[in-house]
Amino acid sequence: MAIPSFVDTVTLHVTAGRGGHGCASVKREKFKPLGGPDGGNGGNGGSVILRVDPGLTTLVDYHRHSHRQAANGQPGKGNYADGANGADIVLPVPDGTVVWDDDSGAQMADLVGPGAELVVAQGGRGGLGNEALATAARKAPGFALLGEDGEDRHIRLELKVLADIGLVGFPSAGKSSLIAAISRARPEIADYPFTTLVPNLGVVRAGDVTFTVADVPGLIEGAAEGRGLGHDFLRHIERCQAIVHVVDCATWEPGRDPLSDLRVIEAELQAHGGLDDRPRLVALNKVDVPDAAVIADLVADDVTEFLSCHPECSEGSRTSGGQDPSLALRMTEKDRVFAISTKTGQGLKELTFALAALVKARRAAQPEPAPVRVTLAPAPADGPEFTVERQSDGQGGFVWRVRGTKPERWVRQTDFANGEAVGYLADRLNRLGVEDELAALGAVAGDAVAIGGDDAVVFDFAPQVDIGAELLSRRGEDNRLQELRPAVRRRRALDAEYHAAKAAQAVGQALSGYEPDLDEPDEPGAPEREAADD
């Protein structure tokens with residue numbers, strides 16, 4: 001299947017890089033005891049950035065390769081070495097690209113101007129190493145935080161060609177011929193309808209004003225319902241400063257005349273919407289044909305009356321959007337009707353200078369903004385940092401579900417294979433107030449608590465007291481999470497009784513001067529301990 005050379009709409013899957021994991025390391029060096037933790041932080045993942053490139057005119061590169069992924073951050077290392085950040089990936093897009101979130105349908109940005117940028121997928125943050133996690137209460141952490149995943153989203157890129165003047169009209173009305181006559185553009189020109197299948201751009205200079213002209217594929221009656229090429233290409237004239245109706249005065253099709261063609265095209269523009277504030281000019285084309293010149297003279301007054309009777313076509317309508325009327329170019333309806341010939345050049349100079357005057361006035365009323373870098377960020381939360389709800393678990397029971405940006409991020413950063421890391425998570429949730437909220441809502445020890453949405457992590461609720469002194473457990477463990485089996489507790493109780501009895505016996509023997517016999521029977525309590533072990 002052939003891939004088109006002009007693509008103005010694509011769906012792109014972008015994935016940012018994952019943050020590198022932090023490192024849990026202890027410094028070991030000769031003659032330096034108690035070196036302490038020296039694990040470095042993980043590097044941040046790379047982001048996916050869209051940047052306007054004025055040299056591009058199509059999105060065909062993303063039609064071929066629709067998945068782009070940034071580099072991951074590197075993990076931290078010992079000796080205080082932080083991991084390297086993942087490289088950002090910059091995707092060039094044409095000027096005038098509109099970015100949409102394909103999942104929600106919301107518009108993310110409208111990239112206009114060279115160098116304008118949009119971070120569409122933010123890289124994940126790297127995890128902290130144990131050197132950064134050391135505190136007075138936990139001087140040598142035996143764990144580190146995991147790196148976070150980068151953003152993953154589907155976006156839709158929609159190109160709206162940035163042109164000052166848009167040409168509209170029926171197929172074969174002479175729009176491409178007009179661009180070829182007033183600029184150096186060389187679009188395909190033929191004597192059959194729908195020769196133009198993609199928009200053409202031309203650069204025109206009139207006096208001290210340089211402007212661009214866009215030729216969109218032809219419209220026919222019923223384009224709003226999908227006839228012909230439909231309204232797909234009308235988005236390319238939404239940014240135009242003015243619209244020129246190119247009317248074929250030499251058409252051979254029955255039932256068509258310049259005035260009816262003008263009415264049909266104007267009705268299609270109204271059906272598309274969003275173009276009411278653009279001034280209209282009318283170019284009565286092909287007057288080099290004798291009959292066409294006569295028709296142009298006959299309909300000139302009717303076209304002028306049509307422009308005056310339709311507010312959307314009047315010059316004053318372009319000041320209705322809050323612009324300064326003093327900047328508007330004052331043109332009468334008669335001054336906006338031109339008889340032209342793209343073959344002989346008749347009327348082209350007058351048309352181009354009138355367009356240049358319109359563009360100059362519009363530019364003065366709408367100064368171009370400076371390009372800025374746009375970074376997507378979540379809206380600040382006005383409510384609490386987390387919420388707790390009692391929900392059904394689908395199996396006749398219930399679960400306490402905790403939702404919130406901080407708790408869910410902390411869960412993603414936790415290495416659940418490390419007991420000390422789990423204890424650190426419990427401390428953070430306790431300080432945030434999750435346990436107090438659960439207790440206030442009636443949760444009791446042993447209830448199921450889920451933190452997150454579909455990929456939630458489920459715990460058994462076990463209220464605890466936050467640590468206030470240095471942890472004395474082994475590295476990578478948390479004494480508060482160690483629960484002894486009943487057999488172990490019974491054995492340790494018997495051992496304690498045995499050692500207490502032995503100590504008392506030793507004291508009594510010392511006071512009576514008795515020397516123990518080496519051949520005396522087994523220790524008291526030994527059979528009971530063996531039974532307990534069984």
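These legends accompany close-up views of a predicted model.

**View A. A five-stranded open sheet with mixed pairing.** The strand order is E3-E1-E8-E5-E6. Strand E3 (67–69) and strand E6 (107–111) form the edges, and each pairs on one side only. Neighbouring strands are turned by 25° against each other on average, with direction ignored. Strand E5 (residues 97–101) pairs with E6 in the antiparallel sense, over 4 bridges. Within this pairing, Trp 100 stands opposite Gln 107 of E6.

View B. Val 90 belongs to strand E4 (residues 89–93). Leaving aside residues up to four places away in sequence, Val 90 touches Ile 49 and Arg 51. Val 119 lies 29 residues from Val 90 along the chain, and the two C-alpha atoms are separated by 9.1 Å.

View C. Strand E12 (residues 242–248) pairs with strand E13 (residues 280–285) in the parallel sense, over 6 bridges. His 245 has Val 282 of E13 as its bridge partner.

View E. The model holds 3 aromatic pairs. In one of them, the ring centres of Phe 398 and Trp 400 are 6.1 Å apart. Their planes meet at 90°, so the pair is edge-to-face; that class needs an angle over 60 degrees. Phe 398 is partly exposed, because its relative accessibility is 30%. Trp 400 has a relative accessibility of 4% and therefore counts as buried. Arg 390 lies over the face of Phe 398, at 3.7 Å from the ring centre.

**View F. The tilted pair of Phe 416 and Phe 459.** The rings are 5.9 Å apart, centre to centre, with 45° between the planes. Phe 416 lies in the loop between helix H7 (405–412) and helix H8 (419–432). Phe 459 lies in strand E19 (residues 457–460). The pair therefore ties together parts that are 43 residues apart in sequence. Phe 416 has a relative accessibility of 38%, so it counts as partly exposed. Phe 459 is also partly exposed, with a relative accessible area of 22%.

**View G. Arg 256 over the ring of Phe 170.** The charged end of Arg 256 sits 4.3 Å from the centre of the Phe 170 ring.

Note on methods. Residues numbered from 1 in each chain as written. Predicted model: local features only at pLDDT ≥ 70, side-chain atom pairs only at ≥ 80, totals over all residues. Heavy atoms only, no water. Pairing = 2+ DSSP bridges. Helix = DSSP H or I, 4+ residues; strand = E, 2+ residues; numbered from the N terminus. Axes fitted to C-alpha atoms, helices over the stretch in contact; angles between N-to-C directions. Contact = heavy atoms within 4.5 Å. Phe/Tyr/Trp six-rings, centres within 6.5 Å; stacked < 30°, edge-to-face > 60°. Buried < 20%, exposed > 50% of the residue type's maximum accessible area, 1.4 Å probe, protein only. Lys NZ or Arg CZ within 6 Å of the ring centre and 35° of its normal.
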